Amino acid sequence: MTTLPASTQKKLGLVIDLDTCVGCHACVINCKEWNTSGYGTALSDQDPYGANPVGSWLNRIHTFEVTPMAHQSKPKGQGVGEVIGTAGEARVVHFPKSCLHCEDAPCVTVCPTGASYKREEDGIVLVDEDKCIGCGLCAWSCAYGAREMDQAEGVMKKCTLCVDRIYNEEMEEIDRQPACVRTCPAGARHFGDFADPESNVSVLVKERGGFDLMPEQGNKPVNKYLPPRARTDLGVNSAFAAPVETTDDAGGVLGWIDRALSGSTRSKGAN
Amino acid sequence: MHPALSVIAFTTFSGAGYGLAFVLALGHGNPGALSTKIGWFVALAMIAGGLLSSTLHLGNPQRAWRALSQWRSSWLSREGVMAILTFIPLTLLAAMSIFADSFNLALGYIGAIMCMITVYCTAMIYASLRTIPQWHTNWTPACYLAFSVTSGTFIYLAFFGREAGSDSNNVWVYLALVFLVVAWLIKYFWAKNALAAGYGASTMESATGLGNIGKVRLLERPHAMGNYLTNEMAFRVARKHLNKMGWIEVALGVALPIVLLLLSLLVGSGLAGFLQVLATISLMAGLFVERWLFFAVAKHAVGLYYGGEEALVPAE
């Protein structure tokens, strides 16, 4: 059934910390590795060793440059303490993106076959690949680019929130989380239940001001993103801005070495 | 959006087929006349051909029957269901004309209404997508319905071209001209909205949530090469030739059909019928370009993750 459940018992999803992510792509690789041999058909690549390789990925990292405008930050050099940015100086933000398991998921309702569905018990959005005709309409309806058609199998692939890991009792408990979360060396990805206000993910969102991507699209995404933290302004008073060290007071052997190596560049005052 | 040839062919041909069936189902054309019998056959062939062509872009067409199951929520499913149901009155009406030289007006009204509902469902597949502001407007179903009736009327006219010069033929020429002007007027409002819509309310700032820090620009794409998303949704080759295609659209779809129909009124019988056939062919070619541009101008929100307006998408 492609009608959405009125509510789900759990709201499983991810919190992605844009401050902590270093853009190493480990989550991208581990996602591909786990899911190419897990749920559904393999994630195929076309022309993988050729000039124009393409393939199906369920998680990709984009890298953005954010340049604060004058009205959004302190002017250069006048900042003291923590600021979100300095006018004109770009911050680089690595941006992992996978399915957000939306509460109002348009990819589910547009599906003509019932292959796409949202689970009533935990809110995970899945594709039953045996029913998928590969029309691609769900990918058109997704604002986040979370669904990619597998070019070898002609069925739609998407993040399963590693449904074959998180409930897998054959695994050690520490491994019962999505592959991307388990592998992230920076701890930038967190997995949990948003329906529980005391869960790790709910607390993170509350404390760090977690936000939705494109709320204006009306999809009510479950996954949340944490903004980059404020940073210490490097302004004029910082160590990096201090004048070049002076050797004017060097005497003895060191002074002789300094004079011999500096030649005429050594300031007159020390002679 | 990437303009898939199979989908363009499907929407133009089945649209025109439903338009022709709409005209015939309203009781126009003597059911015993050969032109009416051929007309019914052509209408059904265009509808069926369009539907078959639409299955060509599926990854697994052998499971297409499953698409009939989710009519409660999916416009694509509704379209499939309506297309099959509409075959019932249309096939009956066609059989009555072809084998019995007869017609039933009640059945005709039912068929005509179902034709328009099916075209409406096709349009709503596109109009219901929030991700594409160019399509997500009431002008989209209005365009599909108007072009369906207009192209159907033109084809009807072309079939009865041998009666050209008669009063009854002239009435259809006037009707075709009125439909044509109204349809393109609706299309003008669609295009005006589409060209101004951009990415709608979404921006690279809202897509990343980083707008409170500053202006967002894509520094690096996730992978060096293109992918399904950039090929399918951030397609730019089409957009590159927008202006030229726009002129071809207006020349083939508007100017030439009007000139040819007016000429046919002047010259009267014989040659007039030929001119009306030419006008119909020109309109259909123009509608092909119109449908191509419908995809080409559409901007999908996912483009914002690939650089938005300055997206660098390799032209595969």
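Here is a short exchange about chain B of this predicted model.

Me: What makes helix 2 and helix 3 of chain B roughly antiparallel to each other?
Reply: The axes of helix 2 (residues 34-54) and helix 3 (residues 75-100) of chain B cross at roughly 160 degrees. Angles over 145 degrees count as roughly antiparallel, so that is the label for helix 2 and helix 3 of chain B. The two axes come within 9 Å, and helix 2 passes helix 3 in a left-handed crossing.

Me: Which residues of helix 2 and helix 3 of chain B make the contact?
Reply: Happy to list them! Helix 2 of chain B brings B:Thr36, B:Lys37, B:Trp40, B:Phe41, B:Leu44 and B:Leu51. From helix 3 of chain B come B:Ala83, B:Leu90, B:Thr91, B:Leu93, B:Ala94, B:Ser97 and B:Ile98. By class, the contact has nine nonpolar, three polar and one charged residues.

Me: What is the secondary structure of chain B?
Reply: Chain B has eleven helices and one strand. Along the sequence, the pattern reads α-α-α-α-α-α-α-β-α-α-α-α.

Me: How do you know whether chain B is as compact as a globular protein of that length?
Reply: Good one to check with numbers. The globule rule gives 20 Å for 316 residues, and the radius of gyration of chain B is 22 Å, close to that value, so chain B is as compact as a globular protein of that length. The C-alpha trace spans about 70 × 45 × 30 Å along its principal axes.

Me: How many of the 316 residues in chain B are buried?
Reply: Buried residues make up 50% of them, where buried asks for 20 or more other C-beta atoms within 10 Å of a residue's own.

Methods: Residues are numbered from 1 along each chain as its sequence is written. Chains are lettered from A and ligands numbered from 1 in the order in which they are written. This is a predicted model: local features need pLDDT of at least 70, side-chain atom pairs count only at pLDDT 80 or more; totals for chains, interfaces and linings use all residues. Axes are lines fitted to C-alpha atoms, for helices over the stretch in contact, and angles run from 0 to 180 degrees between N-to-C directions. Helices (H or I, at least four residues) and strands (E, at least two) are DSSP runs, numbered from the N terminus. Angles under 35 degrees count as roughly parallel, over 145 as roughly antiparallel, 65 to 115 as roughly perpendicular and the rest as oblique. A crossing is left-handed if the near helix is turned anticlockwise from the far one by less than a right angle, and right-handed if clockwise. Two residues are in contact if their C-beta atoms, placed from the backbone, lie within 7 Å. Ala, Val, Leu, Ile, Met, Phe, Trp, Tyr, Cys and Pro count as nonpolar, Asp, Glu, Lys and Arg as charged, and the others, Gly among them, as polar. The radius of gyration is taken over C-alpha atoms; the globule rule is 2.2 Å times the number of residues to the power 0.38. A residue is buried if 20 or more other C-beta atoms lie within 10 Å of its own, exposed if 12 or fewer, and partly exposed in between; C-beta atoms are placed from the backbone.
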